[in-house]
Amino acid sequence: MSELQNLSERIDVLETRLAFQDDTIETLNKTITAQWQQIDSLTRQVAALGERLSEAESNAPGPVNEPPPHY
């Protein structure tokens, strides 16, 4: 009977570990999903800023790559 009780205790420990691991995996999955959404948003923002910079450079007065007046 002692061996059966020992096996039962080991199963209980494994089930407890599994439950904690499932919870940890779910938390990590949510964190990674949120991070990917933020990365996607930031990537779009950088692209939009790049477009705005290109527009501003093309609309800027004066020649392109002109050295400053103090040269």
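## Salt bridge

One salt bridge is counted in this structure, which is a predicted model. The partners are Arg-44 and Asp-40, whose side chains meet at 2.5 Å, N to O. Side chains of opposite charge can pair when their charged atoms come close.

Both Arg-44 and Asp-40 belong to helix H1, where four residues, about one turn of the helix, separate them.

## Nonpolar surface patch

Leu-28, Ile-32, Trp-36 and Ile-39 together make a nonpolar surface patch of about 430 Å². One of these residues, Ile-32, lies in helix H1, which spans residues 2-59. With a relative accessibility of 44%, Ile-32 is classed as partly exposed.

Asp-22 is a residue of helix H1. Its relative accessible area is 44%, so Asp-22 is partly exposed. From Asp-22 to Ala-56 the separation is 34 residues in sequence, and the C-alpha to C-alpha distance is 51 Å.

Asp-23 is also located in helix H1. A relative accessibility of 47% places Asp-23 among the partly exposed residues. Asp-23 and Glu-55 stand 32 residues apart in sequence, with 48 Å between them in space, C-alpha to C-alpha.

Conventions
Residues are numbered from 1 along each chain as its sequence is written. This is a predicted model: local features need pLDDT of at least 70, side-chain atom pairs count only at pLDDT 80 or more; totals for chains, interfaces and linings use all residues. Side-chain values use heavy atoms; hydrogens and water are left out. Patches are made of residues with over 30% relative accessible area and no salt bridge: like charges are joined within 9 Å, nonpolar side chains (Val, Leu, Ile, Met, Phe, Trp, Tyr) within 5 Å. Accessible areas come from the Shrake-Rupley method with a 1.4 Å probe; for residues, only the protein chains shown count as cover. A salt bridge is a side-chain nitrogen of Lys or Arg within 4 Å of a carboxyl oxygen of Asp or Glu. Helices (H or I, at least four residues) and strands (E, at least two) are DSSP runs, numbered from the N terminus. Buried means under 20% relative accessible area, exposed over 50%, partly exposed in between (1.4 Å probe, protein chains only).
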